[in-house]
Amino acid sequence: MSAGGLLSWGNHPRFPQVPTACHWRGDLPAALSAARQESGTTLAYGAGMSYGDSCLAASDRVLHMRPLDRFLDADWSAGVLTAEAGVTLEDILAAAVPHGWFLSVTPGTKYATLGGAIANDVHGKNHHRRGTFGRHVRRFGLLRSDTGRATCSLHEQPELFSATIGGLGLTGLIEWAEIQLMPIRSSRIEAVTQRFDDLDEFFALSAELDERHEFCVSWIDCLAKGKATGRGIYTAGDFAAEGALAVERPRKLTVPFTPPVSLVNGLSLRAFNALYARRAPAARSRTTLGYDPFFYPLDAILKWNRIYGPKGFQQYQALIPEREARAGIHALLTAVAESGTGSFLAVLKRCGDMPSPGLLSFPMQGTSLALDFPQSHALEATLLPRLDAVVRETGGRIYPAKDAHMRGEDFRHSYPSWKQIERLRDPALMSRFWRRVTQ
Amino acid sequence: MKRVLIIGATSGIAMACARVWAGQGASFFLVARSAEKLEALASDLRVRGACAVRLRQMDANDTAAHPGMVEAVVQALGAIDIALIAHGTLPAQSACEADPLLALGELTTNATSVIALLIALANQFESQRHGAIAVITSVAGDRGRPSNYLYGSAKAAVSVFCEGLRARLFKSDVSLIDIRPGFVATPMTEGLALPTRLVAQPETVARRIVAGIERKADVLYAPAFWALIMLIIRNIPRSIFKRMNL
């Protein structure tokens with residue numbers, strides 16, 4: 001925790017949250033009603049890995065769920081695990097991998113909590129095969145300030161179940177959850193890497209390789225202009241068919257303090273992107289690596305968000321529907337390259353058509369692009385509105401878990417189910433995001 | 001396979017230690033006041049690799065219950081490889097200054113109940129002739145500071161008792177580790193205005209404790225830098241110390 005209170009991962013917007021630590025499930029009802037009485041509304045805060053303001057309470061008073069991190073049960077013959085909401089994905093892997101199980105769906109960080117993964121219905125490199133995290137949630141316990149405790153699944157309280165998956169933590173406190181894991185025979189990944197020179201090549205590669213591999217993702221050089229627009233590196237992978245089942249705990253580096261200004265600028269971006277592009281050979285190449293560097297390359301540098309300085313940064317993640325994907329992604333990349341702002345981490349991923357049980361889930365069939373930008377006035381005044389226009393025209397949408405700027409009209413238009421969430425919202429819960437886009 | 005007894009098992013530091021031992025496949029006998037919290041902890045340790053977990057509800061201040069508890073542990077585990085005494089409270093110094101009865105109650109929880117447990121356990125360990133007893137005291141016991149000398153004097157009493165008991169048990173091949181944590185982010189220290197840079201995570205402290213027990217340390221500051229801080233604090237001349245508000 002920073003001295004001044006909890007923030008979101010992007011350190012923007014800067015509204016320090018005052019936490020009440022929740023250590024025991026038995027204490028939650030009292031904590032929830034105390035927060036309600038003293039602050040009007042509150043919000044569950046997990047590991048704070050959401051980028052924008054979806055994990056910040058409108059009252060700036062949060063219930064800190066991270067300490068609620070106990071496992072409740074594990075059936076290693078069936079791969080069913082039950083845990084409290086504050087358990088991190090890292091904790092789950094440490095317990096499950098030696099037994100031959102892995103998260104069915106994992107996002108790009110293992111530091112997120114189980115509760116956060118459900119509330120944001122996170123997705124990962126295997127979306128085209130297994131959909132979102134919510135598809136692998138069997139049941140969870142929900143505590144509401146008005147109706148008390150309930151167990152939710154597809155069969156019990158189905159309405160609350162689908163409203164809570166991707167429901168941004170607004171429908172009640174997720175106390176615990178039972179998830180289905182995925183069997184693995186080795187914890188190593190066999191990866192295929194190939195460079196592509198433009199977007200057409202990306203879509204061709206994706207069409208050829210996505211269906212043959214469990215995991216697929218691409219990095220894009222978003223500084224490339226003109227004919228080179230959309231050049232990048234495509235990576236696919238699968239768990240090896242045999243090998244050791246080892247929990248990986250690589251040594252971590254930490255960014256020790258927040259520099260006074262952002263270290264991300266035109267010069268460092270150009271150097272990084274040029275170096276990164278050269279890392280991958282032009283021809284298709286195969287390697288075997290551990291699950292940690294494959295899924296969580298950024299976790300290797302703890303607190304990397306500090307490199308953006310005290311003003312923080314915004315991540316822009318948009319999904320363009322299948323039919324418009326080629327043109328939409330091209331328009332987004334052109335706008336970014338012309339702005340010169342650029343991004344270290346431009347990630348491109350084709351999402352499949354598997355529906356999520358969640359009402360407010362972000363992924364749908366199409367192509368998703370994620371970009372990080374240092375926070376600045378110019379960013380919000382010029383580039384983001386231009387990107388938003390592309391997303392609007394192509395019928396796409398923006399990921400609330402990453403968002404700190406989306407216009408209310410855009411949110412309500414692209415997520416028509418928001419009204420159901422609002423109807424089922426616990427009156428004691430309100431986030432800064434929700435207030436911004438619905439009121 | 002380690003057989004581990006923990007008294008005050010639901011305290012923040014004890015739970016973090018238990019998770020490390022669970023990862024090594026230990027068998028547990030856990031003692032605490034709340035049956036509900038014990039159950040929650042037990043299921044967590046089982047998933048993390050514990051071989052067996054047995055529970056007993058007991059208030060450490062109920063000294064009459066101590067011998068029966070030790071008997072039950074021996075019956076359940078056969079012998080005890082590690083006993084960790086971790087229960088305790090952190091009273092507000094100002095409240096203890098206003099209320100002698102409260103002060104005595106805190107002394108019971110943090111000193112006399114611990115000493116009573118040590119007496120009961122020492123006899124068991126002496127007869128089994130192996131194992132380690134670990135007691136969580138505090139850096140606060142190193143010197144009576146105006147901000148928390150009631151808590152400090154309770155911990156100091158335990159530390160002095162341990163010094164003598166360690167020399168007695170040494171002859172029976174039993175080690176006694178006096179663990180002196182500094183500021184640790186646990187429910188006990190929640191809400192206190194502590195210097196952020198000095199606050200350690202329970203997982204960090206737990207790794208040091210488990211390793212310290214393994215190598216049969218005598219006194220263990222956790223994290224290690226507290227040894228230096230306390231060396232300085234212990235050596236401040238009294239004429240200056242009494243003018244300070246540490």
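Two strands are taken to pair if DSSP finds at least two bridges between them. Helices (H or I, at least four residues) and strands (E, at least two) are DSSP runs, numbered from the N terminus. The model is predicted: local features need pLDDT of at least 70, side-chain atom pairs count only at pLDDT 80 or more, and totals for chains, interfaces and linings use all residues. Residues are numbered from 1 along each chain as its sequence is written, and chains are lettered from A and ligands numbered from 1 in the order in which they are written.

Chain A contains 13 helices and 19 strands. One open sheet of chain A has 3 strands in the order β1-β3-β2, with parallel pairing. Its edge strands, β1 (18–21) and β2 (43–45), each pair on one side only. Neighbouring strands are turned by 40° against each other on average, direction ignored. Axes are lines fitted to C-alpha atoms, for helices over the stretch in contact, and angles run from 0 to 180 degrees between N-to-C directions.

In chain A, β2 and β3 (residues 61–64) pair in the parallel sense over 3 bridges. Leu43(A) stands opposite Val62(A) in β3(A). Helix α1 (residues 28–39) of chain A packs on this sheet and touches β1 and β3. The direction of α1 makes about 175° with that of β3(A). Contact requires C-beta atoms, placed from the backbone, to lie within 7 Å.

Across chain A, residues 24 or more positions apart account for 76% of the contacts with a separation of 6 or more. The C-alpha trace spans about 60 × 50 × 45 Å along its principal axes.

How values were computed:
Contact = placed C-beta atoms within 7 Å.
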